[in-house]
Amino acid sequence: MERALALAQNSPRRNPNPRVGCVILDASGAIVAEGWHRGAGTAHAEVDAIARLPREYREPAAAAGLTLVVTLEPCNHTGRTGPCAEAIVAAGIGSVVYGSTDPGRHSRGGADRLRASGVQVTGGVQTARADALNDGWLAAARLGRPHVTVKWAQSLDGRSAAADGSSRWVSGPSSRADVHERRARADAIVVGTGTLLADDPALTARRPDGSLYPQQPVPVVLGARAVPEGARIRSHPEAYLQRDGEDIGAVLAELGERGLHRVFVEGGATVAAAFLRAGLADELLVYLAPLLLGAEGLPALGPLAVPTIGQARQLRIRDARPLGEDWLFTAVPADAAKEA
């Protein structure tokens with residue numbers, strides 16, 4: 001499995017499909033073939049490894065003593081390529097060992113298919129490391145769309161900025177450093193045109209010394225207003241995408257097709273509220289600063305269509321911790337908390 005995990009690192013990170021590595025062992029435990037997934041439309045890791053088997057193992061009878069070790073449960077569906085479980089059965093391989101369980105609604109069930117065909121199957125080997133390779137893809141596979149984190153910073157009385165625009169940040173440096181670390185782990189960062197025009201954010205993931213993290217989120221702008229020629233987002237290492245934002249579900253579907261599985265929404269009060277109203281916020285990060293801005297301040301969150309307390313959006317607090325002088329609250333929708 002160690003070698004399979006290392007091979008999986010060769011797979012592209014931003015890809016509609018997961019990063020997967022595979023090795024095939026003979027009866028003595030020696031590696032006789034290996035492979036990995038090179039991106040959407042190419043052979044899956046198992047098929048890639050099977051295609052590289054030496055000639056003496058090409059017949060099913062000769063392959064019965066082989067063990068295929070793969071970082072993700074072999075798939076059981078036909079997409080751009082055929083089911084890996086069927087390819088393993090056809091090759092005659094006698095046993096399979098895998099790491100992560102495939103949660104995909106259409107692709108799961110490969111282990112059961114293999115067992116039904118007489119293949120010996122062992123799952124859950126080095127699961128934590130295998131899951132870490134594809135945390136975004138696994139979350140998106142369970143949801144059927146990218147995982148969405150909505151973030152905002154606010155004063156104790158729920159304001160994001162002073163009325164005159166003089167407060168660029170309400171949160172402190174520890175909170176801002178935490179946000180940038182999370183940006184670096186995200187595949188896409190979403191902002192509305194209102195925030196873009198008002199604040200001219202760079203939307204990069206930066207270390208406290210100002211240097212860029214190696215991995216940068218793809219900027220996504222929601223809204224029809226034009227991005228100014230001199231906007232800082234135009235200098236982002238990743239080319240930005242702009243969509244009108246009328247159909248957030250369609251935007252998320254497109255991001256998923258582009259291999260952007262973890263979406264970080266920083267887009268201001270209007271965009272944050274839009275994701276919440278649509279039921280498309282899987283996680284909320286609220287940075288709470290110890291200050292008051294009063295009714296004159298700008299609200300941290302836009303309208304949620306909650307006319308009565310009975311229609312309030314119920315949340316469950318998953319974590320609360322100090323960050324310098326601030327506090328970070330992590331919450332999830334109550335229904336999602338129950339399912340988990």
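1. The protein chain comes to 12 helices and 15 strands, where helices (H or I, at least four residues) and strands (E, at least two) are DSSP runs numbered from the N terminus. This is a predicted model, in which local features need pLDDT of at least 70 and side-chain atom pairs count only at pLDDT 80 or more, while totals for chains, interfaces and linings use all residues. Residues are numbered from 1 along each chain as its sequence is written, and side-chain values use heavy atoms, with hydrogens and water left out.

2. Taken along the principal axes, the C-alpha atoms of the protein chain fill a box of roughly 80 × 45 × 35 Å. Of its 340 residues, 49% are buried, a term that stands for under 20% relative accessible area, with exposed meaning over 50% and partly exposed in between (1.4 Å probe, protein chains only). Among contacts (heavy atoms within 4.5 Å) with a separation of 6 or more, 70% are made by residues 24 or more positions apart.

3. The accessible surface comes to about 16100 Å², and carbon and sulfur atoms hold 51% of that area; the areas come from the Shrake-Rupley method with a 1.4 Å probe, and for residues only the protein chains shown count as cover. The chain carries 37 positive and 37 negative side chains, with the centres of the two sets 1 Å apart. Here Lys and Arg count as positive and Asp and Glu as negative, without His and the chain ends, and each charge is placed at NZ of Lys, CZ of Arg, CG of Asp or CD of Glu.

4. A nonpolar core is a set of buried Ala, Val, Leu, Ile, Met, Phe, Trp, Tyr and Cys residues joined through side-chain atoms within 4.5 Å. The largest one has 29 residues, and L255 and F275 have the most contacts inside it. Two or more residues each come from β6, β8 (188–192), β9, α10 (248–257), β11, α11 (268–277) and β12 (283–289), and the largest share, 6 residues, is that of α11. Leaving aside neighbours within four places in sequence, F275 is in contact with V148, V150, V190, L222, I248, L252, V265, L280 and A281. A second, separate core of 28 residues includes A33, I50, A85 and A111.

5. Helix α7 (residues 135–143) has G136, W137, L138, A139, A140 and A141 as its buried residues. These pack against β3 (67–72), β4 (95–100), α6, β6 (147–155) and β11 (262–265). Just after α7, G144 takes a positive phi of about 80 degrees.

6. Q126, not a glycine, has a positive phi of about 55 degrees; Q126 is in the loop between β5 (120–122) and α6 (127–133) and is partly exposed at 31%. D200 likewise has a positive phi, near 50 degrees, and is placed in the loop between α9 (193–199) and β9 (218–222), partly exposed with a relative accessible area of 26%.
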